[in-house]
Amino acid sequence: MTELLLLFCAYLIGSVPTAVWVSKGVFGMDIREYGSGNAGATNTFRVLGPKAGSFVMLVDMLKGVMAVRLAYLVGYYQNPEHLQEVTTQLVNFQIGLGLAAVVGHIFPIWANFRGGKGIATLFGLVLAIQPLVAICCVGVFLLSLSLTRYVSLSSISASIAFPILILYIFNEPEVFYRIFAIAVALMVVLTHQKNIFRLINGNESKVPLFKNRRDKK
């Protein structure tokens, strides 16, 4: 029962519509009516610029971290006497909490169930469970972003790097985590189909990393 309640709390955390609140509260507009129509960091970067986009990305990542940390509210998981026994259960529950937050981000109860794609929140999930893997994914993301200025392509690149790191570089022993890593890569590719077509056609918008936000190409 406690676990179910925490999963619901994780969903509520993920439901915080950062991009919507920032766009409405600071810029007087709804981010979902511009750009790609998604309430996420990528569209915020594209429409409102790097400062707003960076803030939204940071908060959305923290949602994933906070959701995963809810696992330690269950006393059994933080008891050092049980640590070796519950490693698998803990990781599985943490992934479940993180995924609940991602679902909340995609379908936020606080914003009429119209949210973003959950990439930043997914990253927060990985950061909380396996920081070194997350840092490597960030490296891939930033390298791709600096070279191309495409947030979508950078997100796809980092997501594909994730299972490669888990399966081959770090050789993660937890089977569910390995399956999760592959599923994340597939999900990100599937949710970015429109972006992929725009990239192929050469009309995907770039983010203004060092220029005025009106410069999108």
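Predicted model: local features only at pLDDT ≥ 70, side-chain atom pairs only at ≥ 80, totals over all residues.

A: **A close look at some helices**

Ser144 has 10% relative accessibility, and since buried means under 20%, Ser144 counts as buried. Leaving aside residues up to four places away in sequence, Ser144 touches Arg149, Leu153, Ser154 and Ser157.

Helix H3 runs over residues 41-48, and seven of its eight residues are buried, so H3 is largely enclosed by the rest of the structure. The buried ones are Ala41, Asn43, Thr44, Phe45, Arg46, Val47 and Leu48. What do they pack against? Their partners are helix H2 (18-27), H4, helix H9 (151-169) and helix H11 (193-201). Just past the end of H3, Gly49 takes a positive phi of about 100 degrees.

Helix H4 (residues 50-69) packs with helix H7 (residues 119-129) at an angle of about 45 degrees, and their axes are 7 Å apart. That angle makes H4 oblique to H7. The crossing of these two helices is right-handed. On the H4 side, the contact is made by Met57, Asp60, Met61, Lys63, Gly64, Val65 and Val68. H7 brings Ala120, Thr121, Phe123, Gly124, Leu125, Leu127, Ala128 and Ile129. Sort the residues of this H4 and H7 contact by type and you get ten nonpolar, three polar and two charged.

How values were computed: Residues numbered from 1 in each chain as written. Heavy atoms only, no water. Axes fitted to C-alpha atoms, helices over the stretch in contact; angles between N-to-C directions. Helix = DSSP H or I, 4+ residues; strand = E, 2+ residues; numbered from the N terminus. Parallel < 35°, antiparallel > 145°, perpendicular 65-115°, else oblique. Left-handed = near helix turned anticlockwise from the far one by under 90°. Contact = heavy atoms within 4.5 Å. Nonpolar A, V, L, I, M, F, W, Y, C, P; charged D, E, K, R; others polar. Buried < 20%, exposed > 50% of the residue type's maximum accessible area, 1.4 Å probe, protein only.
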